[in-house]
Amino acid sequence: MEDKLDQDLILELQAGDLDALGDIYDRHRYLVYRTALAITCDPDMAADLLQEVFLRLHRFAERIDPSRPLQPWLYRMTVNLSYTWIKRKSRWTRYINDMAERIITERRPASPHNIAERDESWRWVRQAILALPVQQRMVVVLYYINDLSLKEIAEILEIPVGTVKSRLHYARRVLKKQLGTHREVLRTVFYDTTRSV
Amino acid sequence: MIRREVYKHGAFDNYASRVLKHWAFEFPLPVNGRALLFVQIAQETKDPIPWLNVVLAILRWFFHNLILKPIDSAFQPVLYFSDVDSYPAYVIHRDSSTIHLLMAEQTISSGMMLNSGIV
């Protein structure tokens, strides 16, 4: 699998080979899941989105141009679906979910998800992301978490580079306010512990 | 994909990037995702409901655009203004249109002229 290029896998998928889809899934699942998670701030929704993105890849495989890189397509699909799902989730449902979440969290046994959610440091980060409007959040996630350039973000979101810059500028202001207050505390936690994908 | 041709990418950006990455990496990937994907694909190929939804959406579009809209347009000229009819002609409503005001002032011809685009 490692030797095969995305291009070859897409061609195999277009020929009806499901194993090729499995290989693409294994290769890009981190990218899709973490992008969806960071935009939605909801691990369950991100897990559903991960499935949905690859289901769509299977459904629309014929329309994908194998000569072009696959990652931008995956990013675009993930970002668009995340945006749609967030908008679809109505406000009252969110309140009910949040309330249920609080009740369940008290009784739920510790799982990696719970640990991540309970940790006060992570909660600040989550709140900082949620403080951003969804469109700014998408730019922030692609820029800070996925390390994409402004030009790449502009192509994925199909907006001008200037718009990306302005969204990033305003988002940075909010993040400075939200994350900056915990900066000293967080620095001790995160200092020099960069991981790779 | 390699980035950073960005202008003004400063210390805060590095810090924010590190914090956000660590937060995102704290969440483990869902287990059995690949197997679940194949199950969903198998269900999708068996299940006729997505096609049924498409057919229903097309029918709805046809009904709305080819039946309801023409009927609605056909009845436009005979629309009935109940609030004009329910008061004596000398009662002038502030929020009425110019045509209705002219008609209420018993200058129906003026109203007709305005309505027909002569004025």
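Select chain A: its secondary structure consists of 11 helices and zero strands, where helices (H or I, at least four residues) and strands (E, at least two) are DSSP runs numbered from the N terminus. The model is predicted, so local features need pLDDT of at least 70 and side-chain atom pairs count only at pLDDT 80 or more, while totals for chains, interfaces and linings use all residues. Residues are numbered from 1 along each chain as its sequence is written, chains are lettered from A and ligands numbered from 1 in the order in which they are written, and side-chain values use heavy atoms, with hydrogens and water left out.

Stay with the whole of chain A. Of its 197 residues, 46% count as buried (under 20% relative accessible area; exposed is over 50%, partly exposed in between; 1.4 Å probe, protein chains only). Among contacts (heavy atoms within 4.5 Å) with a separation of 6 or more in chain A, 63% join residues 24 or more positions apart. Chain A exposes about 10,700 Å², of which carbon and sulfur atoms supply 51%; the areas come from the Shrake-Rupley method with a 1.4 Å probe.

Next, select residues 18–40 of chain A, helix H2. Its end C-alpha atoms are only 29 Å apart, whereas a straight helix of 23 residues would span 33 Å at 1.5 Å a residue (the expected span is 1.5 Å times one less than the number of residues). Centre on A:His28 to see a kink of about 60 degrees in H2(A); the bend is the angle between axes fitted to the seven residues ending there and the seven starting there. H2(A) has 17 of its 23 residues buried, so it is largely enclosed by the rest of the structure.

Now look at the two ends of H2(A). A:Asp17 caps the N-terminal end, with a side-chain oxygen 3.0 Å from the backbone nitrogen of A:Asp19. After the helix comes A:Cys41, with a positive phi near 60 degrees.

Move to the loop between helix H8 (134–145) and helix H9 (150–157) of chain A, and select A:Asp147. A:Asp147 is not a glycine, yet its phi is positive, about 55 degrees. Its relative accessible area of 22% makes A:Asp147 partly exposed.

A:Glu158 is the next stop, in the loop between H9 and helix H10 (161–180) of chain A. Its phi is also positive, near 55 degrees, in a residue other than glycine. A:Glu158 counts as exposed, at 63% relative accessibility.

Finally, select residues 11–25 of chain B, helix H1. This helix of 15 residues reaches 21 Å from its first C-alpha to its last, close to the 21 Å expected at 1.5 Å a residue. Of the 15 residues of H1(B), 12 are buried, so it is largely enclosed by the rest of the structure. Among them are B:Phe12, B:Tyr15, B:Trp23 and B:Phe25.

Key: Polar contact = N/O pair within 3.5 Å; in protein donor to acceptor, adjacent residues only side chain to side chain.
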